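Here is my note on the model you sent. The points are numbered for reply.

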Amino acid sequence: MNTVFKVALSLTLIMGSTLSFANEVNIYSYRQPFLIKPLFDAFTKQSGIEVNVVFAKKGLAERLVREGKNSPADLVFTVDIGRLNEVKEKGVVQAVSSSILTANIPTQYRDPDNQWFGLTTRTRSIYASKERVDLNKLQSYEDLANPEWKGRICTRSGKHPYNLALIASMIAHHGEAKTETWLNGVKDNLARRPQGNDRAQVKAIKEGVCDLSLGNNYYYGKMISNEEQSAWANAVHLTFPNQNNRGTHVNISGMALTKSAPNKENAIKLMEFLSQELAQQIYAEQNYEYPVNPNVAPSGLVQSWGEFKSDNLSLTTIAKLRKDAAKLVDKVAFDE
Ligand code: FE
């Protein structure tokens, strides 16, 4: 009797897990739940496929390596080309061949081997004090090294992935020697030792500590919609550097299919869904970013910040030069 009960019970469990197996997709995400949940809700509503999310601030690539082919994860969600490149280099993701993905996502924003795909873009912008900065004197990243700005620039660590990607783009355009001179110049212009996050720099502009800072565009939206921080945002212009030449440096948030994906078919369905209009709109709006799909317009607020040209340097090139960028940050003792 007891044995029969056990058999029946384990059958139910197997059937139960088989059923959910067929109807779910599992995500490892560095992106915060509030950003991605509305997307996944829309996907579940349309497809009937449940989306399970494990959120972590770090260590997801290592976790995928550790779990190997037993990993329950199907997809990785993250920001920054550095992290997307990391999962590719660690060999824990696989290529996806999908005509929907290649039609919706411009070449520049996906891996040449189809192992990662961008979903949104964000600019590395310069924030400038409305009261104390003449925007005519600030046209480019290169301008940040001008003596004009001595003691007037604030930034987070030079080693932060957002700054590393920008410095890597400078190396790609100018070579290492010129970038070193530039970085030294920017360091000489700092108002204080690099510290805090992007928003903390805008707060410092508001408080008169400095006049310029580096920051991603979406923080402008986050500050505007935050009761305490809107005063910081109101003290600055959000600018898009290098409009007279190569365009503003952009980075991406994106996704990759794990090598072991147990729900591969569902995962690819979700990837394709996310590249299409409805999801692109929800995702970009949620975090004041730009949709990668050129057929989708940014939110009204983001559009109000103006149109700009973005640097079309390949993100793969940026990923390759990140290590050299980190070495330069050490060499000029940028953070010290
Ligand atoms: Fe960020």
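1. One cut-off first: a residue is buried under 20% relative accessible area, exposed over 50%, and partly exposed in between. G48 has 41% relative accessibility, so it counts as partly exposed. It is found in the loop between α2 (33-47) and β2 (50-55). Leaving out residues up to four places away in sequence, G48 touches N23 and F43. K323 is 275 residues from G48 in sequence, and their C-alpha atoms are 43 Å apart in space. Keep in mind throughout that this is a predicted model.

2. Now the metal site. Which protein atoms are the donors of the iron ion? They are the OH atoms of Y162, Y218 and Y219. Their distances from the iron ion run from 1.9 to 2.1 Å. The spacing of the donor residues in sequence is Y-x55-Y-Y. Y218 and Y219 are both buried. Water is not among the atoms, so the site may look incomplete.

3. Next, S125. This residue lies in strand β5, which covers residues 117-129. Is S125 buried or exposed? Its relative accessible area is 0%, so S125 is buried. Its side chain has a polar contact of 2.8 Å with the side chain of T123. The S125 side chain also reaches the backbone oxygen of T239, at 3.0 Å. Neighbours within four places in sequence aside, the contacts of S125 include S213, L214, G215 and N217. L238, T239, F240 and P241 are also in contact with S125.

4. Domain 1 takes residues 3-121 + 251-303, and domain 2 takes 123-249 + 310-331. The contact draws on 17 residues from domain 1 and 21 residues from domain 2. Between the C-alpha centres of the two domains the distance is 30 Å.

5. The interface by area. Domain 1 and domain 2 bury about 1,500 Å² between them. Carbon and sulfur atoms give 59% of that area. Which residues of domain 1 lose the most area to domain 2? They are Q108, N251 and Y288, together 35% of what the domain 1 side buries.

6. The interface by polar terms. How many salt bridges are counted between domain 1 and domain 2? The count is one. Across the same interface, four residue pairs are in polar contact, with both residues at pLDDT 80 or more. On the side of domain 1 that touches domain 2, α4 (81-89) and β9 (250-258) each supply at least two residues. The most comes from α4, with three residues.

7. D80 deserves a look. The side chains of D80 and R322 meet in a salt bridge, 3.9 Å from N to O. D80 is found in the loop between β3 (75-79) and α4. With a relative accessible area of 3%, D80 is buried. Its phi is near 80°, a positive value in a residue other than glycine. Most residues other than glycine have a negative phi.

8. A333 is found in the segment after α14 (315-331). Where does A333 stand on burial? Its relative accessible area is 18%, so A333 is buried; the cut-off is under 20%.

Technical notes: Residues numbered from 1 in each chain as written. Predicted model: local features only at pLDDT ≥ 70, side-chain atom pairs only at ≥ 80, totals over all residues. Heavy atoms only, no water. Donors = N, O, S within 2.8 Å, 3.2 Å for Na, K, Ca; no water. Buried < 20%, exposed > 50% of the residue type's maximum accessible area, 1.4 Å probe, protein only. Helix = DSSP H or I, 4+ residues; strand = E, 2+ residues; numbered from the N terminus. Polar contact = N/O pair within 3.5 Å; in protein donor to acceptor, adjacent residues only side chain to side chain. Contact = heavy atoms within 4.5 Å. Domains from an automatic or database assignment. Buried area = accessible area lost by both parts, 1.4 Å probe. Salt bridge = Lys/Arg side-chain N within 4 Å of Asp/Glu carboxyl O.
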